Amino acid sequence: MVSLVIPVYNSQKYLEECIRSILMQTYSDWEALFINEFGSDDGSREIILNYAKKDKRIKLIQNDSKLGLAQSLNKGFQIAKGNYIARLDADDIAYPARLERQVEFMEQNPNIGVCGTYQRHFGKGVDWIHKPPITVENCRANLLFGCDICHSTLMIRKEIFLSHNLFYDNKFLAEDFELWSRAVTVTDFINIPEVLGAYRLGEDNITNAKKEQLNIESGDIVANSLKRNLQMEISPEEKYYFQGWENPFETLEGKQRKKELKKFEHLLKEIIAQNEKVKFYDEIALLNAIASKWNWACYQKEWNQFYDVHSIEDIFVKEKGIDWKYKIKQRIKKIVKFFVKPFWSKLDARIYLAECNIQHNLNQKSDELQKQMEALEMSNQLLKNEVYIIKKQLEKNKKKI
């Protein structure tokens, strides 16, 4: 049995779409635990109860006091009756074959404690596929520096998490990353290379205060992982290098940037050397994770881009050949800034007004197009679901014959 744990807080807008995606699962032995937060009063509770009357597998768990996301998830983990716990958020979508594919994989691979999948990210002006690592070694290494895993596609083996007291820590805003950074020490992670879920990007912007807290936390989580996995202590100043939401090197210039990058290079090499002694991470997988972190910090590349490297030289020598491109960009910025600055105060207001008008027109057209795209996507997905279900029924009929 699979227990889906879905936290709910004023999630009425997309809740029904989430529930319908659960009801369309080809794997039928599931329960859906909707943990409705205290104070959630937008009609989400009534929607869940309405569906629960029609299908006993849907259950409402009402919080009596405000628990927050982490404690609500922990509550769901403890109540869950299934051997497997599947994560899903109330505004996300599980594709019809998701549970079936994951249960099948987990049954065939008892060493795997956490199984995720590829995931489509969609929303206003956004549509891309997150493809986290698909090997145990790369999953473990990548989780050292960032949460390169699609949390609302994850299925976990309940027994492993309860026996090792693996619960979310409500002291962290990045509660998912913090939990997975601990879980990787006791079990294996893997991802099925199929898009089996869709993650809806929220319409609310992250506040500057929240972004700053996430930045600080990411450095703390990396430092804790280094201490736990490699017996390696880093200073508070060195934690700064591992802040993940904003690139700490991007605003630095000239000698200061070069000096800090040199320190960072030295620290990354220390991590490689310490792993050679402790052997917690696969050597090549760690090199690739470090290559990704280095190129993100040094050249503003994608944070989870894969680099096929096999030695330290592949990271810190060969990649330096592109440093001249970065230097040219920085010099062009300085030149433009020098010439534009005297006229900027006069142009600023006019440019701002023009940008506002352009943005307003773009937003109107973007909203219309987004609605059309979402309607088309939903129709397409429903059609695929129907075709999949018909195929399954035909296979069952053939077996009976």
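Predicted model: local features only at pLDDT ≥ 70, side-chain atom pairs only at ≥ 80, totals over all residues.

Q: Let's start with one residue. Where does Ser-152 lie?
A: Helices (H or I, at least four residues) and strands (E, at least two) are DSSP runs, numbered from the N terminus. Ser-152 sits in the loop between α5 (136–142) and β8 (155–157).

Q: Is Ser-152 buried or exposed?
A: Buried means under 20% relative accessible area, exposed over 50%, and partly exposed in between (1.4 Å probe, protein chains only). Ser-152 counts as buried because its relative accessibility is 3%.

Q: And which residues does Ser-152 touch?
A: Contact means heavy atoms within 4.5 Å. Not counting residues up to four places away in sequence, Ser-152 touches Arg-87, Leu-88, Asp-89, Asp-92, Arg-98, Gln-119 and Tyr-199. With Gln-119 there's also a polar contact of 2.7 Å between the side chains. That term means a pair of N or O atoms within 3.5 Å; within protein, one must be able to donate a hydrogen and the other to accept it, and residues adjacent in sequence count only if both atoms are side-chain atoms.

Q: How do I read a nonpolar core?
A: In soluble globular proteins, nonpolar side chains tend to be buried together. A core is a set of buried Ala, Val, Leu, Ile, Met, Phe, Trp, Tyr and Cys residues joined through side-chain atoms within 4.5 Å. Here the largest one has 36 residues, and those touching the most other members are Phe-145, Leu-226, Phe-242, Leu-268, Ile-271, Ile-290 and Trp-294. Two or more residues each come from α8 (208–230), α10 (254–278), α11 (283–299) and α12 (312–316). The top contributor is α11, with 11 residues. Apart from this core lies another, of 31 residues, including Val-2 and Ile-58.

Q: How many aromatic pairs are there?
A: Rings of Phe, Tyr and Trp (its six-membered ring) pair if their centres lie within 6.5 Å; planes under 30 degrees apart count as stacked, over 60 as edge-to-face and the rest as tilted. The structure has 14 such pairs. Phe-145 and Phe-242 are stacked, 5.6 Å centre to centre with 10 degrees between the planes. These two are 97 residues apart in the chain, and both are buried. Phe-264 and Trp-294 are stacked too, at 6.1 Å and 25 degrees. This pair links helix α10 to helix α11.

Q: What lies over the face of Phe-280?
A: A charge sits over a ring if NZ of Lys or CZ of Arg is within 6 Å of the ring centre and within 35 degrees of the ring normal. Arg-140 lies over Phe-280, 4.9 Å from the ring centre. Likewise, Lys-54 lies over the face of Tyr-51, at 5.5 Å.

Q: Last one: how many disulfides are there?
A: A disulfide is a covalent bond between the sulfur atoms of two cysteines. The rule asks for cysteine sulfur atoms within 2.5 Å, and the count comes to zero. Take Cys-150: the closest cysteine sulfur, in Cys-147, is 9.0 Å from its own, so that's too far for a bond.

Notes
Residues numbered from 1 in each chain as written. Heavy atoms only, no water.
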